[in-house]
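Hi there,

Here is the structure I promised to pass on to you.

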Amino acid sequence: AVHTEALLGAPRPHRRGRIMVTLPGEASDDGALAERLVAAGMDVARINCAHDDPDAWRRMAGHVRAAAARNGRALPILMDIAGPKIRTGAVAVHDKGRLVPGSNLVLIAEGTPEAGKHEPFVAAVSLPEIVRRLSVGDRVRYDDGKVEAVVEAVSEDRARLHVLRAKTGGAKLKPEKGLNLPDTALGLSPLTDKDAADLEAVIAIADMIGYSFVSHAADIDLLEDMLAARNASAKPLGLIAKIERPEAVANLPALIARAAGRRPFGVMIARGDLAAEIGFERLAEMQE
């Protein structure tokens with residue numbers, strides 16, 4: 001209870017939990033929206049740094065803090081740094097088809113996707129090196145698990161996937177949709193160049209940092225070093241470790257131990273990403 005209050009503030013009367021609301025982009029220009037959310041019971045405001053920009057984040061936070069002050073409340077702000085999101089890039093689809101069980105999907109690391117009768121679904125990937133790290137037998141989940149496929153063949157810059165499951169009626173192949181690779185050693189840093197640039201604004205605005213893609217104890221040190229380099233030690237920023245990869249579940253004790261005592265610390269079970277990584281069948285077990 002002490003740690004929870006240090007991180008999230010005091011609970012509301014007759015309510016143990018806190019209600020966190022993720023702010024939409026329009027919250028940067030609509031101060032009345034923040035007022036309505038505070039009046040309706042919002043306890044924590046979340047800003048997703050994968051969207052908008054530092055100027056918009058500053059306006060969002062200003063509206064929230066002003067609304068909280070008018071209501072006689074202190075309301076913390078969580079800012080999620082984006083991390084290395086793996087998504088589809090440009091796509092090509094033959095004859096307006098949909099991904100269904102039995103479909104073949106090709107992921108490419110370089111070039112422009114071109115679809116045809118024998119390769120009806122082709123997609124580029126936002127992080128090209130991921131294609132080169134796939135191995136035969138690795139599972140790939142597309143768009144929050146709407147499609148599950150397995151890697152059948154790989155070459156230097158291409159991977160051919162066989163679709164095992166898809167939502168009823170099939171799924172459209174679209175750009176900017178998430179890819180989850182639960183069996184693949186990604187070898188990615190949880191902090192991107194964008195995150196490093198965003199930290200300046202996050203330190204100035206936030207009360208808590210949401211750490212996406214954190215998986216190993218050394219990842220905690222990586223963020224702490226970046227914060228120290230930006231003279232953030234004077235501000236008691238809270239840290240939320242977002243558990244969204246199988247490695248993060250396995251390494252959770254080490255993550256907690258490495259973060260303990262440095263700053264207010266909490267864990268967020270990122271259920272959408274975690275379910276897409278480990279499978280919906282095991283989500284309740286892993287959450288517990």
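Below is what came out of the analysis, from the overall shape down to single residues.

A word on the basis: this is a predicted model, so local features need pLDDT of at least 70 and side-chain atom pairs pLDDT 80 or more, while totals for chains, interfaces and linings use all residues. Numbering starts from 1 along each chain as its sequence is written, and side-chain values use heavy atoms, without hydrogens and water.

**Overall shape**

The protein has 10 helices and 13 strands (DSSP runs numbered from the N terminus: helices are H or I with at least four residues, strands E with at least two). Its radius of gyration is 21 Å, close to the 19 Å of the globule rule for 288 residues, so the protein is as compact as a globular protein of that length (taken over C-alpha atoms; the rule is 2.2 Å times the number of residues to the power 0.38). Of the 288 residues, 45% count as buried (buried is under 20% relative accessible area, exposed over 50%, partly exposed in between, with a 1.4 Å probe and protein chains only).

**Salt bridges**

The count comes to 27 salt bridges (a side-chain nitrogen of Lys or Arg within 4 Å of a carboxyl oxygen of Asp or Glu). One of them joins R158 and E119 at 2.7 Å, N to O. R158 sits in strand β9 and E119 in the loop between β5 (104-108) and β6 (121-125), so this pair ties together parts 39 residues apart in sequence. Another salt bridge, at 3.8 Å, pairs E200 with R230; E200 belongs to helix α5 (residues 193-205) and R230 to the loop between α6 and β12 (238-243), 30 residues apart. There is also a network of salt bridges linking R12, R15, D43 and R73.

Most residues other than glycine have a negative phi. H14 has a positive value near 65 degrees, and F213 one of about 70 degrees. H14 lies in the loop between α1 (2-8) and β1 (20-22) and is exposed at 86% relative accessibility. F213, in the loop between β11 (208-211) and α6 (217-229), is buried at 12%.

Happy to talk any of this through.

Best wishes
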